[in-house]
Amino acid sequence: MAFDAVELQLEHTAEGRFRHLARSAPFAILVVDEESQCTFANERWTAVTGRSVAQSVGDGWRDAFSPDVLEDLGRRWAAAAGNSLCMEAEFELGRPDGTRAWVHGSATRVQRPDGSPDGVLIALIDVTDRREAVDELRR
């Protein structure tokens, strides 16, 4: 019951509004703090990655990415940090059930009202069907 009361109070705040919108979004959303710890993931994240929100909090979100993809995205993010603090990439995710998903990912730095960094918002769109259709046409 206490959790429900907190959720109800959050709905009346800007953060509550964000959480409501993020839960309704047709794409996966993940928010990580400045220490790269997941502080929010929506239900679409679960559908795309095959990992529950509970499995993704803290540094569990990293398990959705292969080490090579994480390394590549880290390099791209470092390069973007000197520019717009926004990055896009298409890459493959491995799911716990052994299936693979292709996603188009966007990441952008989130800032507090005073301009200081407040983490990163990551959005993933599942493009597996499109990718497979293109691959089929090429064959």
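A contact here means heavy atoms within 4.5 Å. Among contacts between residues at least 6 apart in sequence, 32% join residues at least 24 apart.

Some ground rules. This is a predicted model, so local features need pLDDT of at least 70, side-chain atom pairs count only at pLDDT 80 or more, and totals for chains, interfaces and linings use all residues. Residues are numbered from 1 along each chain as its sequence is written, and side-chain values use heavy atoms, with hydrogens and water left out.

Now the overall layout. The protein has six helices and five strands. These are DSSP runs, numbered from the N terminus: helices are H or I with at least four residues, strands are E with at least two. Along the sequence the pattern reads α-α-β-β-α-α-α-β-β-β-α. The protein has 139 residues, and 32% of them count as buried. Buried is under 20% relative accessible area, exposed is over 50%, and partly exposed is in between, with a 1.4 Å probe and protein chains only. Accessible surface comes to about 8600 Å², and 54% of that belongs to carbon and sulfur atoms. The areas are Shrake-Rupley with a 1.4 Å probe; for residues, only the protein chains shown count as cover.

On to the rings. How many aromatic pairs does a search of the whole structure find? Three. The rule takes rings of Phe, Tyr and Trp, the last by its six-membered ring, with centres within 6.5 Å; planes under 30 degrees apart are stacked, over 60 edge-to-face, the rest tilted. Trp 61 and Phe 65 are edge-to-face, at 5.7 Å centre to centre and 80° between the planes. Phe 65 also pairs with Phe 91: their centres are 5.7 Å apart and the planes are at 40°, so this pair is tilted. Why does that pair tie together parts 26 residues apart in sequence? Because Phe 65 lies in the loop between α4 (53-56) and α5 (67-81), while Phe 91 lies in strand β3, residues 86-94. Ring pairs link Trp 61, Phe 65 and Phe 91 into a cluster. Buried or exposed? Trp 61 is buried at 8% relative accessibility. Phe 65 is buried at 8%. Phe 91 is buried at 8% as well.

Stay with β3. It pairs with β4, residues 100-111, in the antiparallel sense over nine bridges. Strands pair if DSSP finds at least two bridges between them. One example: Met 87 has Ala 107 in β4 as its bridge partner. The hairpin has five residues between the strands, and Gly 98 there takes a positive phi near 95°.

Arg 131 lies over the face of Trp 102, 3.5 Å from the ring centre. The test is NZ of Lys or CZ of Arg within 6 Å of the ring centre and within 35 degrees of the ring normal.

Last, salt bridges. The cut-off is a side-chain nitrogen of Lys or Arg within 4 Å of a carboxyl oxygen of Asp or Glu. The count is ten. Asp 72 and Arg 76 meet at 3.1 Å, N to O. Both lie in helix α5, four residues apart, about one turn. Asp 72 is partly exposed at 26%, and so is Arg 76 at 36%. A network of salt bridges links Glu 71, Asp 72, Arg 75 and Arg 76. Arg 100 bridges to Glu 92, closest N and O atoms 3.4 Å apart. Arg 112 bridges to Asp 118, at 3.3 Å between the closest N and O.
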